[in-house]
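Subject: Structure handover

Hi,

Here is the structure I promised to pass on to you. Could you open it alongside this note and follow the elements as you read?

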Amino acid sequence: MRTCRTLISTSLTSLPKPFKTLLSILQNPKPNPHSLCILHSLHTTRQTSLFNSNPISSLIRAPHATHPLPDDTVELLLTNRDDVLGLMKMERRITKTHNDTVLGSHWFPYFDRFKCGSVDLSSSEVLQAVGPYMMEERRERIRNTVQNRTYSLCLVVEGLTDFGNVSAVFRSADALGFQSVHVISCDSSKRYRQNRHVSMGAEKWLDIELWDSAKDCFQVLKSRGYRIATTHVGIDAVSIYDMDWSCPTAIVVGNENRGISDEALELSDLHCSIPMKGMVDSFNVSVAAGILMHHAVCDRTSSLGSHGDLTPEETRILLAEFSLRHSKSMISIAHDYAKRKAATPKPKL
């Protein structure tokens, strides 16, 4: 028996840090909200691989029972505009105006405020409110991601019928630092379910906008300062290797079979193509989008020094946005902070 106790004691002391944190929380019969947020952070970081194929993993998921995270597939998101808008938390602007103080030479979609009923929180207040309830590893992951984001380039997918392709495009956009993705008239008559494993949940971290036509989409993008570059194989097409990717550009890829629509081709500012050396004259649409985005990132890194180009203020706002998207509990914590702010007497002048 003494040997058994020694083995158990040794095993507990040699546990990885996430296990030790979990056990200390579970020993408390009434965990506080901070503890529940730590449990969620453990579950959503890469450290959760430590819990795979382990019965204790069910304990980590228990706190979500009363506040389940949405399990929307990409298909459901793209067929419900309210779900897409619900992903974005900070107050958004629609078009670029001369009165914008945050914006530099590129488009940035967020104001520096998060509305909590009648109370507004700035990005600094949001970060102050939710920061203590997130694990340092998660905060660092979000910081690194935001530092490599850009709105100077965005991706537009037009008329795709395979939601698996849309999911793959989302995943590539997130991985390569594209924050803004636009989807024009997805054909909902052809359904592909259970594609969340393809996107790996990337849609949660992107700004997705849905459009009914290329005309509507391009009109707004041009008002935001983008040039429209449609992918097209033709004699007037410019090689992607000859393009200036430091210029704000919306990259448009088209339907799996028909390619870019005639309307989109006519309304675009230029046509571009990926040089090919084989017998076939086209790529899979998700592969083409990945090649385009990767080349643009490499070109911008080479010429500008980095792909990410947000100002310090824009970075702080997007950090607050990502922190609020982290989990529903972050929204609740921010609202509680706003209530305390509203209840605090204002100093007399």
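A word on the basis before the details. This is a predicted model, in which local features need pLDDT of at least 70 and side-chain atom pairs count only at pLDDT 80 or more, while totals for chains, interfaces and linings use all residues. Residues are numbered from 1 along each chain as its sequence is written, and side-chain values use heavy atoms, with hydrogens and water left out.

**Overall**

The protein has 15 helices and 9 strands. Helices (H or I, at least four residues) and strands (E, at least two) are DSSP runs, numbered from the N terminus. Of the 349 residues, 46% are buried, where buried means under 20% relative accessible area, exposed over 50%, and partly exposed in between (1.4 Å probe, protein chains only). Among contacts with a separation of 6 or more, 78% are between residues 24 or more positions apart; contact here means heavy atoms within 4.5 Å.

**The sheet**

Seen in order, the strands of an open sheet of 7 run β5-β4-β3-β8-β6-β9-β7, with parallel pairing. Two strands are taken to pair if DSSP finds at least two bridges between them. At the edges stand β5 (207–211) and β7 (238–239); each has a single partner strand, so one side of each is left without a neighbour in the sheet. As a reminder, strands of a sheet pair through backbone hydrogen bonds, either parallel or antiparallel.

β8 pairs with β3 in the parallel sense over 5 bridges, and V156 stands opposite V252 of β8.

V157 stands opposite V183 in β4. Helix α9 (residues 163–176) packs on the sheet and touches β3, β4 and β5; its direction makes about 160 degrees with that of β4. For this and the angles below, axes are lines fitted to C-alpha atoms, for helices over the stretch in contact, and angles run from 0 to 180 degrees between N-to-C directions.

**M293**

Which helix holds M293? M293 is found in helix α13 (residues 285–304). With 0% relative accessibility, M293 counts as buried. Leaving aside neighbours within four places in sequence, M293 is in contact with L155, V169, S172, A173, L176 and F178. M293 and I251 are 42 residues apart in sequence and 8.4 Å apart in space, C-alpha to C-alpha.

**Two contacts of α7**

Helix α7 (residues 123–130) packs with helix α14 (residues 312–325) at an angle of about 40 degrees, their axes 8 Å apart. The two are therefore oblique to each other. Angles under 35 degrees count as roughly parallel, over 145 as roughly antiparallel, 65 to 115 as roughly perpendicular and the rest as oblique. In this contact, S123, S124, V126, L127 and V130 of α7 meet R316, I317, L319, A320, S323 and L324 of α14. The residues divide into 7 nonpolar, 3 polar and 1 charged; Ala, Val, Leu, Ile, Met, Phe, Trp, Tyr, Cys and Pro count as nonpolar, Asp, Glu, Lys and Arg as charged, and the others, Gly among them, as polar.

α7 also packs with helix α15 (residues 328–343), at an angle of about 110 degrees and with the axes 9 Å apart. That makes α7 roughly perpendicular to α15. E125, Q128, A129 and V130 of α7 meet M330, I333, A334, Y337 and K341 of α15. By class, this contact has 6 nonpolar, 1 polar and 2 charged residues.

Best wishes
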